[in-house]
Amino acid sequence: MTQTILYARVSTVDQDLSHQRTHAEKAGFHIDEVVADHGVSGVSTRLAERTEGKRLFDMLRRGDTLVVRWVDRLGRNYEDVTEAIRLFMKKGVIIRTVINNMTFDGSTSDPTQMAVRDALIAFMAATAQAQAEASKEAQRAGIEANKGDVTKYRGKKPSYSRDQFNTVVDMIELGQGASAIAKATGLTRQTILRIRDERGASEAALSRWGL
């Protein structure tokens, strides 16, 4: 009997990851079990080195489906993401993303389909790493520009929480408009648009305040 497992990850122990399951179910996924890592960086810790990430390689069997919000839950390093996806596909596991409803299946033997699939994996993994690096660079620049002044370094405290930020990003990726997102999160349209247009800087602001 096959199963569908949602893998969720949050970077700090106090973050709530329930929204990742909620969005997966709203997107039509029937989740049998959730495997989650709290307080784990996707940049510095490979999936196979995470406490719960390790379980996935033991739990998943041929025909099972692994659901993730997006490939950045598996990692934010190009090589780590591509390696993890290929290992799962080799085992016969189907990987699906909530955002953009992408499917990666290793069962195809058609060379054209394989080429398209592999190109998509490479592109998405590269994007995940680029976003992580942009966020780190924005934070690093802020530290250098305001070294010695903690108040300046932090800047203005964000008007949104980490959970609200994640919800906004998820809904944007699912094609929701600013008004609908504002209604769902309680944030202003201006805040929604700022997160949409300056995602890296918005996430860096949260990190500076330890949110």
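A residue is called buried when its relative accessible area is under 20%, exposed when that area is over 50%, and partly exposed in between, with a 1.4 Å probe and protein chains only. The model is a predicted one, in which local features need pLDDT of at least 70 and side-chain atom pairs count only at pLDDT 80 or more, while totals for chains, interfaces and linings use all residues. Residues are numbered from 1 along each chain as its sequence is written, and side-chain values use heavy atoms, with hydrogens and water left out.

Helices (H or I, at least four residues) and strands (E, at least two) are DSSP runs, numbered from the N terminus. Helix α1 comprises residues 18–26, and within this helix His19, Gln20, His23 and Ala24 are buried. These residues lie on the same side of α1, because they cover an arc of only 140° around the axis, the arc being that of the directions from the helix axis to the C-beta atoms. An α-helix has 3.6 residues a turn, so residues three or four places apart point the same way. The cover over the buried residues of α1 includes β1 (4–9) and α6 (162–173), where contact means heavy atoms within 4.5 Å. Just after α1, Gly28 adopts a positive phi of about 105°.

The whole structure contains twelve of them. Arg69 forms one with Asp170, at 2.4 Å from N to O, and this pair links distant parts of the chain, since Arg69 sits in the loop between β3 (65–68) and α3 (78–90) whereas Asp170 belongs to helix α6, 101 residues apart. Arg69 also meets Asp72 in a salt bridge, at 3.1 Å from N to O. Asp170 is buried, with a relative accessible area of 1%; Asp72 counts as buried at 2% relative accessibility, and Arg69 counts as buried at 12%.

Which side chain meets that of Glu203 in a salt bridge? The partner is Arg162, at 3.3 Å from N to O. Glu203 lies in helix α9 (residues 199–208) and Arg162 in helix α6, so this pair ties together parts that are 41 residues apart in sequence. Glu203 counts as buried at 15% relative accessibility, and Arg162 is buried with a relative accessible area of 11%. Elsewhere, a network of salt bridges links Arg46, Glu49, Asp80 and Glu83.

Definitions and conventions:
Salt bridge = Lys/Arg side-chain N within 4 Å of Asp/Glu carboxyl O.
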